[in-house]
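Work through these exercises with the structure open beside you. Try each task before you read its solution.

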Amino acid sequence: MDTIGKSVIRKDAYEKVTGQAIYTGDIQSANILHVKKVISPYGHALIKKIDISGAEKSPGVRAIITGGNLPLTGEEIKDRYPIAHERVRYHGEVVALIVADTPKQAQFAADIIQVWYEPLPVIHTPAQALDPKSPILHKQLADYEKIAEVYPEPGTNIANRTKIRKGNKDQGWLESEVKMEETFSFSPSDHAAMETRCSLAEIHADGKVILHSSSQAPFMIKRLLADYFTLDIGKIIVNTPLVGGGYGGKAAVQLELLAYIASKAVNGRLVKVENSREEDMITSPSHIGLEASVKLGCTKTGLLTVAELTYLWDGGAYADKASDLSRAGAVDCTGPYKINHIWCDSLCMYTNHPYATPYRGFAHSEVLFAFERTMDSLAKKIEMDPMEFRRINAILPGHTTPTQVKLNSSTVGNLPACISQLKKHMQWEKGQLIKVNGRKLIAKGIACVWKTSTIDTNASSGVLLTFNYDGSVNLISGVVEIGTGTKTILAQIAADKLKMDINRVNVQMEVNTQSTPEHWKTVASRGTFMAGRAVIQAADDALMQLKSLAANVLRAPVEDMEVDQERIYLRDDPAMGFTYQQLAYGYTFPDGNSIGGQIIGKGHYMLRHMTTLDPESGAGRPGPEWTVGAQGVEIEYDRYDYTYRILKAISVIDAGQVLNQKAAEGQIMGAMSMGLAFAGRETFYFDYLGRVLNHQLRTYRPLRYGENPEYICDFIETPQVDAPYGARGLGEHGLLGMPAALGNSLSLAAGTSLNQLPLLPEQIWVRKNGRIR
């Protein structure tokens with residue numbers, strides 16, 4: 001019965017390994033219509049004319065939809081039409097939809113639609129967007145509807161500004177004896193999930209809207225669709241089956257809007273919008289880019305005194321979730337260190353790039369790349385071991401975060417223990433730079449990480465546990481199974497609380513927003529924490545019902561009932577009791593008289609003590625806890641041709657308590673792989689018109705089979721007291737320090753500061769030869 005901490009096989013494993021798993025794109029129907037998109041070939045242009053006359057006559061075409069008469073959309077700022085109207089602001093923006101009987105017919109019609117554009121000046125970088133001489137991409141910014149927690153600056157390209165003001169910056173610089181300033185940059189990139197985005201929609205005669213979507217946020221689809229199109233929210237039903245990878249990219253609502261619009265255009269018929277790989281990379285939202293300036297000060301003995309930071313985020317053409325990302329980057333704007341004086345401006349900038357959405361880590365790996373690279377530079381300047389430099393500055397219980405939250409061991413864990421364990425794994429005493437031969441070197445780089453979850457202060461999660469006739473249990477949760485194995489963890493928690501075999505806990509993988517309790521979004525490493533708390537409450541509710549029923553039959557006090565091995569029994573006489581099977585649907589006495597009914601346990605959890613941020617100081621509590629860790633990368637570097645091979649990647653994370661060993665290791669190792677790919681390979685290349693040049697997997701460069709290093713994963717366990725079994729969220733944390741650790745190892749090996757991603761041999765050559773782009 002004891003499953004906590006064990007490597008339990010995932011509940012979705014059999015379906016996936018046998019190929020029987022159903023994803024959104026697998027949904028077919030005899031009467032389905034197919035939707036194709038016409039997209040902008042320019043990064044910024046006026047739409048002068050659209051000629052659909054030829055396409056209208058094309059075989060199989062049922063409807064053609066262009067911009068106009070559609071509401072503005074956007075989760076934080078309503079600044080984007082689902083279909084472009086009058087102008088396009090990024091390469092890949094949807095200009096028209098074609099609905100036809102077959103995909104080929106829809107694509108043929110899309111190909112013959114003629115659009116005349118007048119190209120406009122393109123904003124390529126956040127710094128360029130900040131320049132007062134640059135064009136304003138959203139002149140109506142002052143008129144857009146927005147939430148209260150976002151602060152756009154009309155008349156500029158600033159979609160949001162978040163300020164962090166802790167301590168006194170001037171005092172901090174007076175206390176500094178050594179100073180270091182560095183600048184960093186990287187462009188937007190892709191999530192590269194195996195499953196491309198896909199949505200289906202149909203509208204029934206009674207006004208009911210049924211959607212199927214590959215999404216991390218089915219309940220948010222429901223809310224936003226109702227808001228944008230003034231629909232009855234109770235009549236919107238969103239179905240989400242298994243999702244083939246999300247990494248934050250499927251937290252945004254985009255194709256769902258197009259599917260609804262297309263269905264409405266064909267009298268509610270079932271329609272399907274499915275991205276090709278190329279479309280997934282440019283028409284749907286991307287991984288955010290960043291330009292950063294980091295200034296740090298410390299004493300001669302290495303104690304950090306002040307951090308002055310500017311983060312310019314490449315939010316792309318529309319704010320959507322980019323404004324939230326810029327806020328998250330500000331919340332944890334430093335590494336996990338004690339710094340009394342912090343001054344940070346985090347700006348979400350409008351550019352003519354694809355608009356941004358969450359990427360695994362939610363702006364933290366990006367910030368940590370800049371901050372942890374500067375930490376290494378400062379350590380080098382004061383001639384201190386970079387591992388020791390981090391250890392003496394590590395944030396501890398009793399210290400405060402940049403948003404002025406006072407921490408304790410439950411909310412921050414034990415970073416020094418993570419550093420100490422990383423030091424052992426990396427065999428740090430053997431040296432950070434080791435000569436292999438006249439040509440090659442071994443170099444080691446490290447980074448410390450932390451992250452909290454900046455999600456809605458009223459985010460909640462609900463769970464139902466329904467009993468079957470045989471006493472087994474069905475677990476129903478709004479958590480979307482995106483590959484994290486969270487629903488298996490929830491089953492482990494239920495099995496442990498109910499004292500039953502985990503094979504008797506059946507998990508509903510699919511989400512139906514009408515019948516499944518809401519889970520806010522499957523993001524931010526919150527699934528186990530929030531839904532886990534809800535499972536515990538639901539299990540307690542079910543147990544109380546079982547105990548009350550057994551006590552009634554046995555004519556004994558409820559407090560005398562005990563639970564074990566799927567039985568409710570008297571503590572002083574275990575022979576007197578009942579199995580779950582005997583009580584699951586009530587109890588029938590020998591004379592036929594019956595009492596009770598089906599046991600249905602319900603539970604819910606809402607994050608507590610969360611607050612918004614003060615607009616002037618950034619003070620506030622954005623999340624319940626900060627997961628910390630220490631990470632390292634070991635490389636073999638070739639001094640002749642600037643190539644390198646990643647030998648090892650190591651993560652030591654304070655997980656609170658590991659609930660499923662193999663699942664935890666898999667999450668950390670998978671995240672490390674993503675972090676190394678982001679750092680060393682993946683990026684979009686843009687031309688002068690703002691067009692993405694490498695929107696194919698042939699030219700876009702994730703890590704391929706055989707390129708991964710040895711992964712070492714270890715955990716420290718300092719329980720988070722309010723979490724299920726003390727477990728902290730860790731689904732994103734393996735990624736966070738990989739870009740910085742790789743950058744630190746390569747900068748050491750190459751003997752030059754490498755502050756621009758991706759870390760390609762060509763970039764090292766440019767730096768070594770003095771030709772900086």
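## Exercise 1: A lysine and its partner

Lysine 497 counts as partly exposed, at 26% relative accessibility. (Buried means under 20% relative accessible area, exposed over 50%, partly exposed in between, with a 1.4 Å probe and protein chains only.) The model is predicted: local features need pLDDT of at least 70, side-chain atom pairs count only at pLDDT 80 or more, and totals for chains, interfaces and linings use all residues. Residues are numbered from 1 along each chain as its sequence is written, and side-chain values use heavy atoms, with hydrogens and water left out.

Task: Which side chain meets lysine 497 in a salt bridge?

Solution. 
- Step 1. Recall the rule: a side-chain nitrogen of Lys or Arg lies within 4 Å of a carboxyl oxygen of Asp or Glu.
- Step 2. The partner is aspartate 540, at 3.6 Å from N to O.
- Step 3. Lysine 497 is in helix 14 (residues 486-498) and aspartate 540 in helix 15 (residues 527-554), so the pair ties together parts 43 residues apart in sequence. (Helices, H or I with at least four residues, and strands, E with at least two, are DSSP runs numbered from the N terminus.)

## Exercise 2: Aromatic pairs

Task: How are the rings of tyrosine 42 and tyrosine 117 arranged?

Solution. 
- Step 1. Apply the rule: rings of Phe, Tyr and Trp (its six-membered ring) pair if their centres lie within 6.5 Å; planes under 30 degrees apart are stacked, over 60 edge-to-face, and the rest tilted.
- Step 2. The count by this rule is 19 aromatic pairs.
- Step 3. For tyrosine 42 and tyrosine 117, the centres are 5.4 Å apart and the planes at 65 degrees, so the pair is edge-to-face.
- Step 4. Tyrosine 42 is in the loop between strand 1 (33-39) and strand 2 (45-51), and tyrosine 117 in strand 6 (residues 114-119), so the pair ties together parts 75 residues apart in sequence.
- Step 5. Tyrosine 42 is partly exposed at 22%, whereas tyrosine 117 is buried at 17%.

## Exercise 3: Charges over rings

Task: Which ring does the charged end of arginine 165 sit over?

Solution. 
- Step 1. The rule asks for NZ of Lys or CZ of Arg within 6 Å of the ring centre and within 35 degrees of the ring normal.
- Step 2. Arginine 165 sits over tryptophan 343, 3.7 Å from the ring centre.
- Step 3. Lysine 49 sits over the ring of tryptophan 116, 5.0 Å from its centre.
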